[in-house]
Amino acid sequence: MNDLRQRIEKALEYCRPFLKIDEGDIELINIDETAGIADIRFLGACATCPLKLMTLRAGIERAIMFEAPEIKRIEEVS
């Protein structure tokens with residue numbers, strides 16, 4: 001596992017307990033290092049939550065960008 005993937009996974013591990021409270025989870029799907037984009041997928045209850053975009057932007061994106069500042073955008077994939 002490369003350093004960037006490890007740092008993003010570290011950020012997701014920080015976020016997971018908050019998601020699991022509501023029976024949800026998240027997984028890293030892909031990293032486009034050239035464009036600075038990480039693709040994630042919500043799992044469980046988070047996949048259908050109407051607030052998932054806010055969770056993505058206000059929580060998960062900030063955590064990832066803190067650990068991996070070279071990531072400029074987080075995209076949700078289904």
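Guide: Contact here means that heavy atoms lie within 4.5 Å of each other. With that in mind, and remembering that this is a predicted model, let us look at strand β2, which spans residues 37-44, and begin with Asp39, which has its place in that strand. Leaving out residues up to four places away in sequence, Asp39 touches Glu27, Leu28, Ile29, Asn30, Glu75 and Val77. Asp39 is buried and yet has no salt bridge, and the nearest side chain of opposite charge, that of Arg73, is 7.2 Å away, whereas a salt bridge calls for a side-chain nitrogen of Lys or Arg within 4 Å of a carboxyl oxygen of Asp or Glu.

Gly44 also belongs to strand β2, but Gly44 counts as exposed because its relative accessible area is 52%, and the cut-off for that word is over 50%. When neighbours within four places in sequence are set aside, Gly44 is in contact with Glu23 and Gly24. Between Gly44 and Glu13 there are 16 Å in space, taken from C-alpha to C-alpha, and the two are 31 residues apart in sequence.

Tyr14 is described as exposed because its relative accessible area is 57%. Together with Phe18 and Ile21, Tyr14 forms a nonpolar patch on the surface, and the accessible area of these three residues together is about 400 Å².

Terms used:
Residues are numbered from 1 along each chain as its sequence is written. This is a predicted model: local features need pLDDT of at least 70, side-chain atom pairs count only at pLDDT 80 or more; totals for chains, interfaces and linings use all residues. Side-chain values use heavy atoms; hydrogens and water are left out. Patches are made of residues with over 30% relative accessible area and no salt bridge: like charges are joined within 9 Å, nonpolar side chains (Val, Leu, Ile, Met, Phe, Trp, Tyr) within 5 Å. Accessible areas come from the Shrake-Rupley method with a 1.4 Å probe; for residues, only the protein chains shown count as cover. Buried means under 20% relative accessible area, exposed over 50%, partly exposed in between (1.4 Å probe, protein chains only). Helices (H or I, at least four residues) and strands (E, at least two) are DSSP runs, numbered from the N terminus. Lys and Arg count as positive and Asp and Glu as negative; His and the chain ends are not counted.
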